[in-house]
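Here's a walk through one protein model, strand by strand and pocket by pocket. Keep the structure open next to the text as you read.

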Amino acid sequence: MNATSDIAVVVDGVHKVFGGGGADDVTALAGIDLAVAPGEFVSLIGPSGCGKSTLLRLIGDLLEPTAGTVTVFAKPAHQARLDQDYGMVFQHPGLFDWRSVAANIELPLELHDWSKADRSARSAAMLELVRLEEFGGHYPRQLSGGMQQRVSIARALSFEPRLLLMDEPFGALDEMTREHMQGELLRIWRETETTVVFVTHSIPEATFLSNRVVVLSPRPGRISSVVEVDLGDRTDDTREDPEFFRVATEVREALRAVEAGE
């Protein structure tokens, strides 16, 4: 990657301080430098309170850095948000109970004045992508937690963003559903070729999903280490692969090191 235009996300010297300049100010992040390539899947992991979600929100222009810059596809983060380069998925699906599944998926398109026919066609394509073709007329309360998160992912991808930001989207799911959703996410990621930045507390999840795992230190969050992951095409058998255990151990040791202050 020799030019900024060849990089999906560039975080350059970013600091984030919460407060008004008084003694009670909290420095959440300090000196963050990170580059994410187009089509890459990068996970952020670290101790609670280390600033993982804060960094994700800075990339998504939900927060502004106190110092430093965030660039997305060679644009300031704010412009990238205006240009709909982002899709966002959070731990809670955030679906509207009074709208059908299809109508929930269509909401961002409706807000951007897509025609009814185009919205309908796009929601149908998204339902097929997340394998919920038969549930467009259902309501969120009629779906399981994992199905609701698939709808949330479909909604986030409905306007074809180049970057998907995900903040512990599977944290509230049971273990088997979580593993299933991880496989589904990887399938969708491969099919859409979207760049993903993913926040998680789970070492196995970060290892299974990612090209790289970025380990953050306790507050103020700094990038302590970056673990490269090369597991090829991930399947259920990947979780039994010795290389999976080796990489997970490397991530675990990196986390132990930052928690011990090494």
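Strand β3 (residues 41–45) and strand β9 (residues 212–216) run parallel and are joined by 4 bridges. One of the facing residues is S43, whose bridge partner in β9 is V213. A word on the names: helices (H or I, at least four residues) and strands (E, at least two) are DSSP runs, numbered from the N terminus. Before going further, note that this is a predicted model, where local features need pLDDT of at least 70, side-chain atom pairs count only at pLDDT 80 or more, and totals for chains, interfaces and linings use all residues. Residues are numbered from 1 along each chain as its sequence is written, and side-chain values use heavy atoms, with hydrogens and water left out.

**The six-stranded sheet**

β3 and β9 belong to an open sheet of 6 strands in the order β6-β7-β8-β3-β9-β10, with mixed pairing. Two strands count as paired if DSSP finds at least two bridges between them. The edges are β6 and β10 (223–228), each of which pairs on one side only. On average, neighbouring strands here are turned by 15° against each other, direction ignored. Angles like this run from 0 to 180 degrees between N-to-C directions, with axes as lines fitted to C-alpha atoms, for helices over the stretch in contact.

α5 lies across β6 and β7 (163–167), running at about 165° to β6. α6 touches β3, β7 and β8 (195–199), and its direction makes about 140° with that of β3.

One of the pairs is F41 with W189, which is edge-to-face at 5.5 Å centre to centre, with 90° between the planes. Because F41 sits in strand β3 and W189 in helix α6, the pair ties together parts that are 148 residues apart in sequence.

**The four-stranded sheet**

There is also an open sheet of 4 strands, ordered β2-β1-β4-β5, with antiparallel pairing. Its edge strands are β2 (26–36) and β5 (75–76), each pairing on one side only. β4 (residues 67–72) runs antiparallel to β5, and 2 bridges join them. V72 stands opposite K75 in β5. Helix α1 (residues 52–59) lies across β1 (9–18), β2 and β4, at about 120° to β1.

Most residues other than glycine have a negative phi, and most peptide bonds are trans. Where are the exceptions? A74, in the loop between β4 and β5, has a positive phi, near 65°. A cis peptide bond joins R219 and P220, with omega about 0°, and P220 is in the loop between β9 and β10.

**Pockets and a cavity**

The grid is 1 Å over the protein atoms alone: a cavity is a set of points where a 1.4 Å probe fits but cannot get out, a pocket is an open set with protein on both sides within 12 Å along at least five of seven lines, and lining residues have an atom within 4 Å of a point. Grid points are joined across faces, edges and corners, and a volume is the space filled by probe spheres set on the points. For the classes, Ala, Val, Leu, Ile, Met, Phe, Trp, Tyr, Cys and Pro are nonpolar, Asp, Glu, Lys and Arg are charged, and the others, Gly among them, are polar.

| Space | Volume | Lining by class |
|---|---|---|
| Largest pocket | about 360 Å³ | 9 nonpolar, 3 polar, 3 charged |
| Second largest pocket | about 170 Å³ | 4 nonpolar, 3 polar, 7 charged |
| Largest cavity | about 30 Å³ | 5 nonpolar, 1 polar, 1 charged |

Of the 15 residues that line the largest pocket, Y86, G87, M88, P108 and F159 are the closest to its centre. The elements that give two or more residues to this lining are α2 (77–82), β6 (86–89), α3 (101–111) and α5 (145–157).

The second largest pocket is lined by 14 residues, and the closest to its centre are E179, P204, E205, R239 and F244. α6 (175–192), α7 (203–209) and α8 (242–259) each supply at least two residues of that lining, with α8 giving the most, 5 residues.

How many cavities of 30 Å³ or more does a search of the whole structure find? It finds 1, and L56, R57, G60, L62, M88, F90 and L165 line the largest cavity.

Definitions and conventions
Contact = heavy atoms within 4.5 Å. Phe/Tyr/Trp six-rings, centres within 6.5 Å; stacked < 30°, edge-to-face > 60°.
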